[in-house]
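Here is my note on the structure you sent. Please read it with the model open beside you.

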Amino acid sequence: MLLAYAVYRSLRRFTTRLYASYCGFLLYNRKFEVTIGYTRHMLQMNNDLPAGRRRKLLDHIEKNGQGTVNDFAQAFSVSVDTIRRDLDLLAADGYITRTRGGAVSARATMPVESAITVRSRVNKQAKDQIGALAASLIKDQDVILMNAGTTILSIAPFLRGRKNLTIATNNLALASSLPKDTCRDLYMFGGIVRIHSLATIGPVRLPASGTNPDTSLSADIAFLSVGGADAQAGYTTSYLAEANMMAQMAHAARKVVILADSSKIGRQLFCQIGPLSLARYFITEHPLTPENARAWEEAGVTVLTPSNEKDAQS
């Protein structure tokens, strides 16, 4: 009897400890599952936030080299307008290069060529047509203001034969693109240099000699390449400081010419440069829709396209 009772007590202690261990395991496992679930939830919330979404968007572009707005909108379950805003912000920071309907990775091509070289090949035919029309408005001895951008660079090859031009710009790539003997003087506005776009951002003024204050400027014509041109929003760009600089150029010129390929029409970016009426001429490669044509006409703007090139001479 004593032996049987001892065995019984031993088995009871063993089963009690086994049951306690099993309960402890279940409790630990439950806590682990809750922790994992909470972590997944927080990660999902982080990816749903704009900053998290843009990080994943940039990772995708850098991994694949490019992508379209529609594909991104479907992948992230957001609207195409939201994706466009995300891409515009990433482009303004120099991480990507915007293209018609999507984006390409600026960083992926940087080891062999600059981001501006990549952008110069996007819509190249349209830019060449716009550049030729813009150049037709320039006469010998004109004083010209130009902002940065590859559409502005498309003007340069068509200036061959022009003489004694004075050009002031924030476009660092322009000097090497101009034909020889075209310029009498070429001035560069100072400021912060944006490496990926080869542009300076600062006030539209030039230092005077001696102790005199900075010299105010007056130009015959200003050529401004914009990121968005919309009947309601006017002319816009993604970068606030750039918008201010372009508005100053427009204010200093007697005639303003806005350049935008057709992918920019109907597009509204973060910062307004000015209303439609800011321009004397608006140059693009395709005729506007009747509704847009009416809006530009009511604003007093002459729209120039290859199909009405003769109007540039009037």
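1. **Confidence.** This is a predicted model. The mean pLDDT of the protein chain is 82. Of its residues, 75% reach 70 or more. Where pLDDT is low, the predicted coordinates should not be read in detail.

2. **The largest pocket.** The largest pocket holds about 1200 Å³ of space. Its lining counts 45 residues, and those closest to the centre are Asp88, Arg98, Gly227, Arg267 and Leu269. By class, the lining has 17 polar, 14 nonpolar and 14 charged residues.

3. **Who supplies the lining?** Which elements each give at least two residues to the lining of the largest pocket? They are helix 4 (80–92), strand 2 (96–99), helix 8 (150–153) and strand 8 (199–201). Helix 4 gives the largest share, with 7 residues.

4. **Helix 4, geometry.** Helix 4 has 13 residues, which should span 18 Å at 1.5 Å a residue. The C-alpha atoms at its ends are 18 Å apart, so expectation and model agree. Gly94 follows the helix and has a positive phi, near 85°.

5. The buried residues of helix 4 are Thr82, Ile83, Asp86, Leu87, Asp88, Leu90, Ala91 and Ala92. What covers the buried residues of helix 4 includes helix 2 (50–64) and helix 3 (69–76). Strand 2, strand 3 (102–105) and strand 7 (192–194) are also included in that cover. Strand 2 also supplies at least two residues of the pocket lining.

6. **Ala219.** Ala219 sits in the loop between strand 8 and strand 9 (221–225). Is Ala219 buried or exposed? Ala219 is buried, because its relative accessible area is 1%, and the cut-off for buried is under 20%. Leaving aside neighbours within four places in sequence, Ala219 is in contact with Val143, Leu145, Ala252, Ala253 and Arg254. Ile144 is 75 residues away from Ala219 along the chain, yet their C-alpha atoms are separated by 5.7 Å.

Note on methods:
Residues are numbered from 1 along each chain as its sequence is written. This is a predicted model: local features need pLDDT of at least 70, side-chain atom pairs count only at pLDDT 80 or more; totals for chains, interfaces and linings use all residues. Side-chain values use heavy atoms; hydrogens and water are left out. On a 1 Å grid over the protein atoms alone, a cavity is a set of points where a 1.4 Å probe fits but cannot get out, and a pocket is an open set with protein on both sides within 12 Å along at least five of seven lines; lining residues have an atom within 4 Å of a point. Grid points are joined across faces, edges and corners, and a volume is the space filled by probe spheres set on the points. Helices (H or I, at least four residues) and strands (E, at least two) are DSSP runs, numbered from the N terminus. Ala, Val, Leu, Ile, Met, Phe, Trp, Tyr, Cys and Pro count as nonpolar, Asp, Glu, Lys and Arg as charged, and the others, Gly among them, as polar. pLDDT is the predictor's confidence in each residue, from 0 to 100. The expected span of a helix is 1.5 Å times one less than its number of residues. Buried means under 20% relative accessible area, exposed over 50%, partly exposed in between (1.4 Å probe, protein chains only). Contact means heavy atoms within 4.5 Å.
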